Amino acid sequence: MAAMRTGRLIASLALALGLASCGRGVSPVMATRPVAEAPPPAAGDAAAIGSGTVKVALILPLTGPGATAGAAMRNAADLAVQEFQNPDLKLLVKDDRGTPDGAREAAAAAVAEGAELVIGPLFAGSVQAAAATARSAGKPVIAFSTDASVAARGVYLLSFLPQPEVDRVVDELAAAGRRSFAALIPETTYGTVVEAQFREAVARKGGRVVALERYPAGNPAAAVGRLAPLITGPGAQADALFLPDTPEGLSGTAGALTRAGFNPARVRPVGTAIWNDPRVFALPALQGGWFATVDPAGYANFAQRYRARYGAEPVRVASLAYDAVSLAAALNRQYGSQRFSETTLTNPSGFAGIDGTFRFRTEGSSERALAVFEIRNGSTTIVSPAPRALGPSGT
């Protein structure tokens with residue numbers, strides 16, 4: 001009987017959110033470029049969203065740096081409350097002004113007003129500041145920074161982190177029988193982060209990194225020259241080439257590879273979600289290349305509903321605020337007094353969101369179910385759909 005009641009509860013949540021749960025134990029939380037700024041909240045209504053008894057802080061940059069993103073994320077939070085059909089939540093909306101000091105003040109005010117959970121902030125420094133206050137009060141944080149270094153026990157990052165993207169594309173390459181990897185890594189903070197994950201992912205799959213060259217951002221020619229003997233011609237030892245650079249950086253790298261005789265049909269180029277850009281799709285050296293990112297279908301549906309309500313295009317990260325608020329509402333409805341406990345928030349089965357299934361690790365980072373795309377003739381196609389359920393962590 002208890003199992004039947006739980007099944008009915010999950011089904012009712014899925015119906016309320018417009019999504020079915022994905023996989024065993026997965027809780028539903030509902031599930032491009034900006035063309036117009038999101039309208040700011042109307043005067044006088046920024047202090048709270050909803051009128052429920054469970055208070056949750058929503059800390060965003062509503063003024064100062066990041067204000068456009070903050071306004072869109074606030075709107076997305078409001079949309080989540082409306083679409084969840086009157087959840088027992090009251091969002092205490094706080095402006096952190098895009099600064100650590102503002103985030104610290106916002107978190108302190110929210111905790112003093114009875115917030116049980118903090119959603120936000122957006123920027124890494126602000127996350128650290130707000131988390132210090134929230135954790136000292138025993139309140140968990142679901143933040144939006146892409147800097148995994150600010151994650152910690154009780155500070156969970158609901159964002160698009162590069163580490164799961166690296167893992168996913170390496171997993172898919174290994175499944176396709178590719179075991180020898182080369183890499184061209186820009187000397188940037190992003191490059192350093194993804195290089196570490198790349199080495200770990202290749203080793204976990206029993207592969208080997210036959211060569212790795214670093215280069216100053218925007219100046220890849222010398223590194224390509226050093227690597228060329230291992231990725232071109234009859235002496236090529238690698239069967240995949242990892243290129244984790246921006247569209248701007250990849251333009252120069254791809255040109256240098258073409259001049260060196262690189263053949264993407266023989267050595268598959270691979271990257272991360274920052275490849276998801278038409279400028280990358282047009283590069284001859286990257287045709288046939290693979291990269292991992294979220295399936296866009298859920299976001300397209302969300303953006304349509306957002307435009308209908310607010311008359312503007314959401315910023316891409318607005319879906320994260322929607323998912324965080326929907327998650328808080330679903331957990332409150334399903335788990336009662338244990339709604340925001342560590343055990344509840346780190347459920348290994350994860351949660352179904354706009355951008356697919358996600359879960360939080362105990363140390364605060366997150367994992368996502370990602371699709372693998374292939375670049376073909378200046379466009380992309382999915383070669384491996386995002387799984388509906390996440391496998392065991394770290395495999």
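Rings of Phe, Tyr and Trp (its six-membered ring) pair if their centres lie within 6.5 Å; planes under 30 degrees apart count as stacked, over 60 as edge-to-face and the rest as tilted. By that rule, the structure holds twelve aromatic pairs.

This is a predicted model, in which local features need pLDDT of at least 70 and side-chain atom pairs count only at pLDDT 80 or more, while totals for chains, interfaces and linings use all residues. Residues are numbered from 1 along each chain as its sequence is written, and side-chain values use heavy atoms, with hydrogens and water left out.

**The whole protein**

The protein has twelve helices and 17 strands. Both are DSSP runs numbered from the N terminus: helices are H or I with at least four residues, strands are E with at least two. The protein has 395 residues, and 55% of them count as buried. Buried means under 20% relative accessible area, exposed means over 50%, and partly exposed lies in between (1.4 Å probe, protein chains only). The accessible surface comes to about 15700 Å². Carbon and sulfur atoms account for 53% of that surface. The areas come from the Shrake-Rupley method with a 1.4 Å probe; for residues, only the protein chains shown count as cover.

**Aromatic rings**

A pair of aromatic rings is described by the distance of the centres and the angle of the planes. Take Phe-181 and Phe-198. Their pair is edge-to-face, with 6.0 Å centre to centre and 80° between the planes. Phe-181 lies in strand β8 (residues 180–186) and Phe-198 in helix α6 (residues 189–204), so the pair ties together parts 17 residues apart in sequence. Both Phe-181 and Phe-198 are buried.

Now take Tyr-306 and Tyr-310. Their ring centres are 4.8 Å apart and their planes stand at 50°, so this pair is tilted. The two tyrosines are four residues apart in helix α10, so about one helical turn separates Tyr-306 from Tyr-310. Both Tyr-306 and Tyr-310 are buried.

Which residues form one aromatic cluster? They are Tyr-299, Phe-302, Tyr-306, Tyr-310 and Tyr-322. Tyr-299 also has a charged neighbour. Arg-316 lies over its face, at 3.9 Å from the ring centre. A charge sits over a ring if NZ of Lys or CZ of Arg is within 6 Å of the ring centre and within 35 degrees of the ring normal.

**Salt bridges**

How many salt bridges does the structure hold? There are 24. A salt bridge is a side-chain nitrogen of Lys or Arg within 4 Å of a carboxyl oxygen of Asp or Glu.

| Arg | Partner | Distance |
|---|---|---|
| Arg-309 | Asp-78 | 3.4 Å |
| Arg-97 | Glu-105 | 3.2 Å |
| Arg-279 | Asp-277 | 2.9 Å |

The bridge between Arg-309 and Asp-78 links distant parts of the chain: Arg-309 is in helix α10 (residues 297–310) and Asp-78 in helix α2 (residues 67–83), 231 residues apart. Arg-309 is partly exposed at 44% relative accessible area, whereas Asp-78 is buried at 15%.

In the remaining row, Arg-97 is partly exposed at 35%. Glu-105 is partly exposed as well, at 48%.

Salt bridges also join into a network. Asp-167, Asp-171, Glu-200, Arg-204 and Lys-205 are linked in this way.
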